[in-house]
Amino acid sequence: MTIGNLMRLLSDGSVHSGEQLGNAMGVSRAAVWKQLKKLDAMGVAVEAVKGRGYRLAHPIEPLDGAAIVAHLPADARHLLTRLLVEDQLTSSNAYLRERFQQGAGHGEACLAESQTAGRGRRGRSWVTPWGQSLILSVGWRFESGVTALEGLSLAVGVVIAQVLETYGIHPRLKWPNDILLPDRDGELAKLAGVLVEVTGDAAGPCEVVMGIGLNLFMNDAQREVIGQPVAALKDVCPSLRRNQLAADLLAGLLAMLSTFEKCGFKAWQAEWNRRHAFAGQPVHVLQGQQGCEATAGDVDASGNLWVSEDNGQSRRLAGGEISIRRRL
């Protein structure tokens, strides 16, 4: 019996008795109870209905690889080499990096129901309870070297925003790797993060893994653990279908990747700046232990963010270990 099997049985939101769950998985009711306790520890809310059994507090749509592929347009299916769907991984990005080491990886996509060691920028952890996020990584091989990849993570952000806009959701982009959406208090909060990892020759072929972690549902306890404002798609679009969204994001990413080496970020620059969360606003720039006050400008054709410091000097921010925060 696995957590995944139990989650798929409970995913319809109906009440299931311990006996029914045990019979379906070939285990005792005591074993079912232990797994239910594990779910609780993983941040999945399970309700006990007295005299009847158990149900998820919020129904979950499990990932379905066949359904995702069926939703892909023909062009995307042609670009997709393989779709991998896993119940649990340490990291979907790490999984695809291993695929590259095995001689695969290009054009492959990996989705995971949960991950135990997900990372954002600057080594931060990314909380991913089972089935309540969209965790997607895509691998791609580029021939022109690292310089051809300038601005790639920003282009990924544009793709995410464009897809969400087709659902009537209008996120903003925060340089360099975050997608923001108003939270339940109306304040811009983190909805998704992008992590791009590159290996290979600086001047020649290199392998890239692009990872996305996107919040679909988040309860109050999870928000409290994170300790900073976060947004979730189900807050604004309760009817959103997880497998359809996965297909739409994958199609958009594959289309972008197929042209990025030729066109570069310049083709995405105006679209990014149009969704810039902090354009013209006062920000705090943090680099290591150093910080300064500035006003945010636009990003250039290489994906660098220009800011005007309060001392009057213009400065170009080039990613790496730099972050910006809006000044209140």
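Q: Is strand 4 mostly covered or uncovered, and how many of its residues are buried?
A: In this predicted model, local features need pLDDT of at least 70, side-chain atom pairs count only at pLDDT 80 or more, and totals for chains, interfaces and linings use all residues. Residues are numbered from 1 along each chain as its sequence is written, and side-chain values use heavy atoms, without hydrogens and water. Strand 4 (a DSSP E run of at least two residues) spans residues 108-115 and is mostly covered. Its buried residues (under 20% relative accessible area, 1.4 Å probe, protein chains only) number eight of eight.

Q: Which residue of strand 4 is the bridge partner of Arg82?
A: Strand 3 (residues 82-89) runs parallel to strand 4, and seven bridges join them. Pairing takes at least two DSSP bridges. The partner of Arg82 is Glu108.

Q: How is helix 1 oriented relative to helix 3?
A: Helix 1 (residues 3-10) and helix 3 (residues 29-41) have axes, lines fitted to C-alpha atoms over the stretch in contact, that come within 10 Å and cross at roughly 85 degrees. The class for 65 to 115 degrees is roughly perpendicular, so helix 1 to helix 3 is roughly perpendicular.

Note on methods: Axes are lines fitted to C-alpha atoms, for helices over the stretch in contact, and angles run from 0 to 180 degrees between N-to-C directions. Helices (H or I, at least four residues) and strands (E, at least two) are DSSP runs, numbered from the N terminus. Angles under 35 degrees count as roughly parallel, over 145 as roughly antiparallel, 65 to 115 as roughly perpendicular and the rest as oblique. Buried means under 20% relative accessible area, exposed over 50%, partly exposed in between (1.4 Å probe, protein chains only).
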